[in-house]
Amino acid sequence: LRDEHVVVPPPFGQLRREVVEDEAVIADRGNKRIQAFNSSGLFLQAIGKDKGKELIQSPIAIALDHLDMIYVLDGDDKKVTVFTPNGATVAKFGGETVFDKPVGIAVTESEIFVLDKATSEIKVFTKDGKFSRKFIARGSREGDLYDPTSLAIRDEIELIVTDTGNK
């Protein structure tokens, strides 16, 4: 990891967002939903409930792919939920046996990356939620992770991780 590529996330518990063309898609942890707004700030839609049932408990990170599918990382449920741009649930995977403390998510055209803070692992899944591989980098040397907090992908090939533990 190079210092000039470090992305600092907002403080834990604040809104996290992704921008797609003229829309902002926001993970609203306090209200247990995802919200979309246009570039003028006009509310477009909320995702997270179906017939009164909450579909996500604690959305702590989101990512959008090239088809505008919305990948929501639920910190309490320890799962990834995938929604269509219209808010329909298409997949859900993960759970207590897969993640200890998931904190970040990023997607490429073909894969889903989830950052697990407790184990300092980046777990990689296929688009249909099947585990593919993991990167383990716990430590204090250059390239190691000690207290990772967020994850991003640049140009489909460069993985960027924010780590507040290694200084």
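**The whole chain**

The structure is a predicted model. Begin by selecting the protein chain in a cartoon view: it contains 16 strands and zero helices. Among contacts in the chain with a separation of 6 or more, 35% join residues 24 or more positions apart.

**Salt bridges**

How many salt bridges does the structure hold? The total is 11.

**First stop: lysine 32 and glutamate 54**

Select lysine 32 and glutamate 54, whose closest N and O atoms lie 3.5 Å apart in a salt bridge. The pair joins distant parts of the chain: lysine 32 belongs to the loop between β2 (23-28) and β3 (33-38), while glutamate 54 sits in strand β6 (residues 53-54), 22 residues apart. Lysine 32 has a relative accessibility of 28% and therefore counts as partly exposed. Glutamate 54, at 29%, is partly exposed.

**Second stop: aspartate 65 and lysine 127**

Next, display the side chains of aspartate 65 and lysine 127, which form a salt bridge with an N to O distance of 3.0 Å. Aspartate 65 is found in the loop between β7 (59-64) and β8 (70-74), and lysine 127 in the loop between β13 (121-126) and β14 (131-136), so this pair ties together parts 62 residues apart in sequence. Are these two residues buried or exposed? Aspartate 65 counts as buried because its relative accessibility is 9%, under the 20% limit. Lysine 127 is partly exposed, at 24%.

Now select glutamate 96 and lysine 78, a salt bridge in which the closest N and O atoms are 3.9 Å apart. Here too, distant parts of the chain are linked: glutamate 96 is in the loop between β10 (89-94) and β11 (102-107), and lysine 78 is in the loop between β8 and β9 (79-83), 18 residues apart. Glutamate 96 has a relative accessibility of 58% and so counts as exposed, the limit being over 50%. Lysine 78, by contrast, is buried, with a relative accessible area of 17%.

**Last stop: a network**

Finally, select Glu121, Lys123 and Lys134 together. Which kind of interaction links these residues in a network? Salt bridges connect Glu121, Lys123 and Lys134.

Technical notes: Residues numbered from 1 in each chain as written. Predicted model: local features only at pLDDT ≥ 70, side-chain atom pairs only at ≥ 80, totals over all residues. Heavy atoms only, no water. Salt bridge = Lys/Arg side-chain N within 4 Å of Asp/Glu carboxyl O. Helix = DSSP H or I, 4+ residues; strand = E, 2+ residues; numbered from the N terminus. Buried < 20%, exposed > 50% of the residue type's maximum accessible area, 1.4 Å probe, protein only. Contact = heavy atoms within 4.5 Å.
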